[in-house]
Amino acid sequence: MNTLQHAWQRARRRRALTTLLLGLPWALAATVLALRLAGFDIACVVGTVSLLVCAALATARARQLDPQWLRRQLDGSGASEDSADLLFADVATLNPLQQRQRAHVLATLERAMPELRPRWPRVALALCWIAGLAIVVLALGWPRSNPGSAPARTPAPGSAAAAGPLRLQSTRLRIDAPAYTGQATHTQNALDAKVAADSRLSWSLRFDRAPDKAWLQFHDGRRLPLSEHEGQWQAQDVARTPVLYRVVSEPALAETRLHRLDVVADRAPSVRVLEPTASLELGTPGQRQWALRFEASDDYGVAAQATLSITTTQGSGENITFVKRSVRLAGSGEATARRFAHTLDLAALGAQPGNDVIAQLEVRDNHAPTPQTGRSSSVILRMPSAEVALGAELEGRIKKTLPAYFRSQRQIIIDAEALIRQRRSLAAGDFVKRSDAIGVDQRILRLRYGQFLGEESEGAPKTPPTSDLPTSDTPAAGDHDDDHDHDHGADAGAHGHDHGGKPANADTPPVFGSDTDVLSEYGHTHDHAEAATLLDPQTRATLKAALDQMWSAEGELRQGRPEQALPFAYKALGFIKQVQQAERIYLARVGPELPPIDEGRRLGGDRAGLASRELPLAARTPPDPAIVEAWQRLGDDNGAPDLDALAAWQQRNAAYLPDALDLAAAIEQLRIEPGCGDCRQRLRAQLWRALQRPLPQAMRRSAADAMGQRYLDALEAQP
């Protein structure tokens, strides 16, 4: 069966090849005729369409050799004994006799396979190729006929004028980008292009008749001659800077337009730090590793290898030493966006507490011949020293213990609501006892706020010192969990709520770490009675209303009625918030620290060291008067600016202009079409963008009126 399949496929390939050989000479003849009559562009289209038609016909004729054709061929040759249908039938559906006949036919075909390939149509092939080549020779050798003129190669006097202006029949621009960009060679018919820097450009132009000479004229004055080769006028150049150019010939072209060639420079690679997220990261005690991740991107590709620079600082003060190392990293991902990852072993680097580890990644792109480099921002890992760790730990302890000194009004409300929810699970005596403890907290808080109004402390212990109004009613200042153990009693002294007051035994020395002793040792106090006189009357009245509500809430709580105390507590909290948000607050009064007055210089008339306070005015570079004059002439319909001077000025200031090529295009377009009004307005608009804007000036004071002038005169008349 495999032998039969191979023979069938050879027959189909012979039919497709025969069809192609018969069609190719006619496709060639049609292409040459189109080239001769309509130009290169039309010839390319005709040739492409002809080849596609030939391929389609070859495929269709090859598919005509289907299984039915194969059965007819086998039965006609006698090799299948009229049993070719059995070869394509399912074996499972055949009876034993049919299966035996099928095996016999296959064995016969294996021994002697008949020739299935069609014979070569030698006569038809010879006739087609002779006719096609004859058409090609006639099309190429037939002379062009121009009415009233001789052939283009030997023009008679005055024939150029009779033939009319020269015209471009076809244009082709081939762009070979540098190898490092990875871009394939591109060919286009348009002469405008945007190419990579250092690309090799190849122009191929065809005119309707051969000119005497032709060249490419660039806007900077450079010329690139075009040389003829087999009817094509060709030139090559390397794109380095953006330019404008046009095709110029002798005799002149009928239509001349500017073409823009933009050159895209290769950008240096950029590196972004993915991890850590901050440029300065504080290490943790005992940290042994530091993970780093970077992402490098480039327009054409980043090199697979990068260098990680690691600097370790050791010592302190002026005795700091730097140890530099470098590690080669391999990137992953696409060439235009590679990622680099590395984990530093701090112990291997010798990083100790108090040291800094600085890392920076440097990558290169594929630019040739000299690669461009890009560096990431430096990331720093600061290892904490023992002193810093101890200070941070002590600060954390102080912050944790300070809120225990204060009970805020918000916390009192939270404790009262929690007690109400627990009423059913508590005995009556325990419920009244806990309500009384909350009332004691309310009393202590009322006395603290009362000190700002100059009230007596009622024998309560002094509260911790504070420098301004209490702010413990904010949620982060004094809120505690509901399950906090408040072993309150009938009064503050009996239930452990000294709240920063003096210990019971005044002679006992302070104990390091004690909450009360820390504040008493390192705190400071203010005269709150004096502070009360600095509160404005409205703030004093609001604070007095808050104390009244606290008094009512305290009474209900001490009697075991927290439900009746909540409305008063909420009102007190509202008044406290108003006091905290008041415009006038108490600040510690600090005397001004002014420098001492030198009595010896008072009224002495010594002006040494004094100078004029007038600021010098920076001179502004005036705009080029020639450019201003050209702009004004363009506004006048009869004015003719000097385009050569404008072009020279544009080339000198190309780096400072917003779009130098647009200005150059406007100049060249007006040079080509001197009478074009739209071209004049376009150039005038470009010049207006190029002119320097005047700096903002101070508004001149308006002149004084009659009354103001008399006043000024009176001032000057006074001795």
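**Overall count.** I started with the secondary structure and found 20 helices and 19 strands in the protein chain. I note here that the model is predicted. Next I looked up burial. Of the 719 residues in the protein chain, 34% are buried. Then I took the accessible surface, which comes to about 44,300 Å². Carbon and sulfur atoms account for 54% of that surface. I also checked how contacts span the sequence. I took contacts between residues at least 6 apart in sequence, and 68% of these join residues at least 24 apart.

**The open sheet.** I traced a sheet of 9 strands. Its order is β2-β1-β4-β7-β6-β5-β8-β9-β3. The sheet is open and its pairing is mixed. Which strands stand at the edges? I found β2 (186–188) and β3 (193–196) there. Each has a single partner strand, so one side of each has no neighbour in the sheet. From one strand to the next, the twist averages 25 degrees.

**Strand β5.** I went to β5 next, which covers residues 213–218. Is this strand mostly covered or mostly open? It is mostly covered, as 5 of its 6 residues are buried. I then looked up its partners. β5 pairs with β8 in the antiparallel sense, over 6 bridges. In that pairing I located Q217, whose bridge partner in β8 is R246. β5 also pairs with β6, again antiparallel, over 4 bridges. There A214 has L226 of β6 as its bridge partner.

I followed the chain from β5 into β6. The two strands form a hairpin with 4 residues between them. Which residue in the turn has a positive phi? I found G221, at about 95 degrees.

**On to β7.** β6 spans residues 223–229 and β7 spans residues 232–239. I recorded their pairing as antiparallel over 3 bridges. At H229, I looked across to β7 and found Q232 standing opposite.

**Helices across the sheet.** Helix α2 (residues 40–63) lies across β1 (168–176) and β4 (199–207). I noted its angle to β1 as about 70 degrees. Helix α18 (residues 660–672) lies across β8 (243–250) and β9 (259–264). Its angle to β8 is about 20 degrees.

**A nonpolar patch.** I turned to the surface. Which residues form the nonpolar patch? I listed L24, L28, L51, W129 and L133. Together they have about 410 Å² of accessible area. I looked up where the patch comes from. α1 (2–38) and α5 (122–141) each supply at least two of its residues. Buried means under 20% and exposed means over 50%, with partly exposed in between.

**Q549.** My last stop was helix α14 (residues 537–558), where Q549 lies. Is Q549 buried or exposed? I found a relative accessible area of 17%, so Q549 is buried. I then looked up what Q549 touches, leaving out residues up to four places away in sequence. The contacts are F568, K571, A572 and F575.

Technical notes: Residues numbered from 1 in each chain as written. Predicted model: local features only at pLDDT ≥ 70, side-chain atom pairs only at ≥ 80, totals over all residues. Heavy atoms only, no water. Pairing = 2+ DSSP bridges. Axes fitted to C-alpha atoms, helices over the stretch in contact; angles between N-to-C directions. Contact = heavy atoms within 4.5 Å. Patch = residues over 30% accessible without salt bridge, like charges linked within 9 Å, V, L, I, M, F, W, Y side chains within 5 Å. Areas by Shrake-Rupley, 256 points an atom, 1.4 Å probe, with all protein chains shown as cover. Salt bridge = Lys/Arg side-chain N within 4 Å of Asp/Glu carboxyl O. Buried < 20%, exposed > 50% of the residue type's maximum accessible area, 1.4 Å probe, protein only.
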